[in-house]
Amino acid sequence: MNPRWLALPSLLLLVGCPALDPAQAYRDAARRLAFSLDRVEPTLRVAFPLERSRVGFRLTLGVDNPSDLHLKARSLGGELLLEQGGQVQRVGNVAFTQGLDLPARGRASLPVELSFTYEELKGAWGPLQKVLRSPHGAVWRLEGQAGLDVLGIPVTVPLRARKTLD
């Protein structure tokens, strides 16, 4: 075999020809997704004894897809954090278990309801009480990952969303 024939395929692999990787455009589109916490509504259900009390959250995660490509999110999740007065408190983990279609040049929303017991939130109870009483200056943050299906190839992108309360 003539070694000169190996030069062209090797050069194409080194240059990263888009024709050799059709999923690259989808990966690039996935990295351009923009996430937002459109709604965070905490609720407090007090019961006696106090250990039976529950704190609930209604979250709505918004996803903007600015690309011309239709994408499918297969998993979304991360940590729900509360920031107030320069301090960050971890509230819990959030997992959006249903898939989500992300239309080209469109927006999709995903609502979810979470509920934690007093025992589960004992460490965050103080900051949560302050926010439930006076939400001014608080920032809800969701930090995690979004798993997308790109032509049968799993792609993971960072998920960062925030909602400032006035």
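I began with L76 and listed what it touches beyond four places away in sequence: F35, L61, V94, A95, F96, L100, L110, Q145, A146 and L159. The model I am reading is a predicted one, and I keep that in mind for each entry below.

I then looked up the largest nonpolar core, which holds 42 residues. L76 is among those with the most contacts inside this core, together with F35, F57 and W140, and F35 is also one of the residues that L76 touches.

Next I turned to helix α2, which spans residues 24-31, and noted that its buried residues are R27, A29 and A30. These cover an arc of only 160° around the axis, which puts them on the same side of α2. When I checked what covers the buried residues of α2, I found that the cover includes the strands β3 (71-84), β7 (139-150) and β8 (153-164).

For the chain as a whole, I counted three helices and eight strands, and wrote down their order from the N terminus as α-α-β-β-β-β-β-β-α-β-β. Of the 166 residues in the chain, I found 37% to be buried.

Definitions and conventions:
Residues numbered from 1 in each chain as written. Predicted model: local features only at pLDDT ≥ 70, side-chain atom pairs only at ≥ 80, totals over all residues. Heavy atoms only, no water. Buried < 20%, exposed > 50% of the residue type's maximum accessible area, 1.4 Å probe, protein only. Helix = DSSP H or I, 4+ residues; strand = E, 2+ residues; numbered from the N terminus. Arc of directions from axis to C-beta. Contact = heavy atoms within 4.5 Å. Core = buried A, V, L, I, M, F, W, Y, C linked by side-chain atoms within 4.5 Å.
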